[in-house]
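This report looks at how two chains meet, and then at two local features within one of them. Please keep the sequence and the model in view while reading.

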Amino acid sequence: MEHAFKVDLRGIIDLLSNHLYSDPSVFVRELLQNGVDAITARHNRGDTFEPEITVRLVLPEQDGLPMLEFQDNGIGLSEAEVHEFLATIGRSSKRISEARDTFLGQFGIGLLSCFMVSGEIELVTQSADGGPPVRWLAQADGTYTLEVLPQADAAQPGTTVRLRAREDTDFYFDYDELSSALANYGAILPYPVQISDGQQFQHVNAVTPPWLAYADGDPAAKEAVLTYAREKLRLEAVDVIALRSEEGGIRGVALVLPYSTQASSHQWHQVYLKRMLLGSDVRNLLPDWAFFVRCLLNVDSLHPTASRESFYEDDALTAARTSLDTQLRLYIEHLALHDAPRLDALIALHHLPIKALAIDNDEFFRLLAPAFEFETSTGRLKLGRYLDQSGPIRMVTNLDQFRQIAQVASAYGHSVINAVYTYDAPLLRKYSSLMGRELEEVDAQSYALSLEDVLTGGLDDFLARADAALATLDCQVSVKRFEPADLPALLIVTEELRQLGDIEAAREVADELFSEFLDDYEAEYEAEYERVRLARLHLNLNNPLVQDLLHLHDSAVFTRLIQMLYVQAHLLGHHPLRGQELKLLGEGLGDMMRWGIRATHPSTLN
Amino acid sequence: MQTFEELMALAEQQDPPEGAIPFLEQAVRLADTQQNRSAAFRARKELVQAASFGGFPDKALIHFAWLLGTFDRHRAEFQGQSYMMLWMYKWILSSAAENPAFPLPRLKKLEADFERRTREYGSGAHYLAYHRLMLAKQIGDQEQAQAAFLAWRSLPRDGLSDCEACEQNKVMGYYAWRGNHQAAAQLGQDIISRGMSCHNVPTVTHANLLRPLTALGRHEEARHAHTEGLRLARLDRHFIDTIADHLRYLTAQGQHRQALGVWSEHLGLALGVRNLVDRFEFLAASAALWAGLPETEAVTLTLPRTFALFRTDQTYLPGRLADYFRQEAAALARRFDERNGTGQFMWRLRQETEVELAGRQRAGE
């Protein structure tokens, strides 16, 4: 019998085709899901049978378009049930998620999604409860016919869906495309999924990936998981972590990546919902800091969004995320307690996420902090080693200033940490506050001021002449005694002065409009940094050359020597040389070369 | 001594963008010393980006000025950088507008310069139209904003337009600003359900949804937007104004304990933020938060030592803090209003704090 136009399907077809899914190939997933649900329902009914999901690709004759047959031997539908799914769809045209709440509703949604790739859908279904088979034929414009077919003896329950490609969708009906889509979505489905096109045949999920077994607690499966990662995912995972969570019904693994990643890089985790692939880049399930692992997870009880492409943000998801967070953390803590070399390797590769975690979690921090490595003025040291020395933790948070201080600090046996790298400073501050160890945040200026003062009583004249030598360079001279004795001078330049230098560099090339902006910034900085505007050159009275300078009276030579010490201090302290310094270097060397020649070859001078 | 390439590589390894800044600055200065113009250009490009997204608009502009000047003087060498220069110019345009130290006539000159360059390059006027909308919103001129909005929407997208996610987010932001809650909620939910994303989206989207959803009585959805939005924006200097929105939501919902938790967690960060619009938003939200608490009932909180009213006994009187933040916010508000020639910022501040005060008084003082 034909029933036409009872329910208007146009609305929902439009919704499914145009607004819900990111990609038409999800129709494969939808048909698979219907097959799986049908077989499960038939099992639950008590039937014993060999479950089968078969996809048959019928290639076109001459000029035709390919056709696809999707068959399962699940519970099937009766005529009444077909009417019911249509009615459910008709009612739920606004809320897909509502429709998916029932078996028939989900069936209908899944079926209608096929209109994304096919102009026509044919459904032939035989209910396990008996009765005649039913044929439903629907068009993309929303019209359909429904007929009851003659009842056969010993009819097998099941459903067959037939689709024919349109001109613009024939590539979805390609054997390789289809089999990889089926393999992708159905890799861990519990029922066999097979595809053939008359010449080729494949049982796409013949081999179950080993990671579920490992998650279930089979330690022997670990090697298999690593091999699987290497061969199927092209990933040389460093380690495998089993993940199991009551919250969300989660089982799976985290593969530790063999290369460093960043928070900003794309986290992709392969997540299955009730054994069907949900997505390969599900982002909101793992905690933010987990960007150093790739997870393969099966989730049984979280709620997907209407498109089934991600999870709905609800309390269940939050609880699941918290549980996964704990497990990943426990893995790292376990390494800290039982496998130091592996922990070191992990930190070396993935120090950023681990440090981020340590800052947020006190327990984790206490366990891991001694293993973190820092750059110090006495080489790279683990915090544990560094703390073996007495005295406060000394750190510099400015790259520039670290270099300035490093020259002198080591001579005094002070090891200063270069805490300019991400998380270093917060970690050290946390250590200090948590463990009660004193922390000194050293800045170059105050460090220099703490060096041994020299009574400048007899040196006023010397200092005045030295200042004059550097008058055009915004630099003031002072005299100190410090180690190492072979370092004649220490140049301390504040960050603020550097900023002003940056403005100067920009001003050299900027146009009128931008110069106005630069003027404003310069005025702002100068007002703010009044006190620290000048750079300081600290001459070292322990150094023989500086001692000689005290007795030097030739003013031209004295001036040049002070200027050369100024430039040398730049080089030794890794200060950038700007135009002025380069010019000074050229002129100064020139003068000194001439004096040298004159002193040794008086007659050959130019 | 690290080489230029080593510094650039180190910069890349730091996380997030602001961690890279010290390394990039060193690289710039080193390249300058070596008089290597192309290296200096390359390092400054990275620095302008890191500074723009790391919350240092001053550094971004200073180094951009060098880039633009160098670009102009050496067209042959840097011709291939035209598109990148214009893209960066967008960031500079918007951050300049958010600095009250710069007078309006100069901002107009900047706009004109940008327009001239985009025309020369052959690109369209789409972004500039949006920029004018942004400025009109800041000034609080509803008519001008509406005209700018229509002008912007009528122009086709071009190579300099922001990504689709940003664009939709901006449209949503405009409707929210106009008080059209339905449209704003619709657009925002669409962004989220479609999984659109870029640097700002959907972090900002979630926050933008808070007021419309609450106004529409969709409280459960608003709660989700708050939970997810806060998770995304947390402890990121770039999103301090978004955090302010979340604070306002919590304050309005009467969830003062949670609000104080989020607030104290972000105070240190917020006090160091250089973008003055963002800082104003945080200060205003702070004033409203403290104004909503019983004036003389002390609150115990761990706050950073850098806070002006820091106390070693960790107890704070809401009355004092409300007054303090009101003053700080008002100081900033006055600077903006003076530059813009309107009373928009002071008006907003008054609105916000008075609502809370009234609420507190209603709650039975």
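Which residue of chain B forms a salt bridge with Asp511(A), and how far apart are the closest N and O atoms? In this predicted model, the partner is Arg117(B), and the closest N and O atoms of the pair lie 4.0 Å apart. Across the interface of chain A and chain B, the rule finds eight salt bridges, and the count of residue pairs in polar contact between the two chains, with both residues at pLDDT 80 or more, is 13.

On the side of chain A that touches chain B, at least two residues each come from helices H9, H10, H13, H17 and H18 of chain A, and H17(A) gives the most, with nine residues. Sorted by class, that side of chain A holds 20 nonpolar, five polar and 17 charged residues.

| Helix of chain A | Residues |
|---|---|
| H9 | 315–338 |
| H10 | 340–360 |
| H13 | 399–409 |
| H17 | 495–509 |
| H18 | 512–528 |

The size of an interface is often given as the accessible area lost when the parts come together. Here chain A and chain B bury about 4000 Å² between them, with 52% of it on carbon and sulfur atoms. In chain A, the residues that lose the most area to chain B are Phe514(A), Phe517(A) and Tyr521(A), which together account for 16% of what that side buries. The contact as a whole draws 42 residues from chain A and 50 residues from chain B.

If neighbours within four places in sequence are left aside, Pro484(A) is in contact with Gln407(A), Val408(A), Ala411(A) and Asn540(A). The C-alpha atom of Pro484(A) is separated by 47 Å from that of Val293(A), a residue 191 residues apart from Pro484(A) along the chain.

A further local feature is a hairpin in chain A, formed by S14(A) and S15(A) with two residues between them. Strand S14 (residues 373–376) and strand S15 (residues 379–382) of chain A pair in the antiparallel sense over four bridges, and within this pairing Phe374(A) stands opposite Leu381(A) in S15(A).

Methods
Residues numbered from 1 in each chain as written. Chains lettered and ligands numbered in written order. Predicted model: local features only at pLDDT ≥ 70, side-chain atom pairs only at ≥ 80, totals over all residues. Heavy atoms only, no water. Contact = heavy atoms within 4.5 Å. Buried area = accessible area lost by both parts, 1.4 Å probe. Salt bridge = Lys/Arg side-chain N within 4 Å of Asp/Glu carboxyl O. Polar contact = N/O pair within 3.5 Å; in protein donor to acceptor, adjacent residues only side chain to side chain. Nonpolar A, V, L, I, M, F, W, Y, C, P; charged D, E, K, R; others polar. Pairing = 2+ DSSP bridges.
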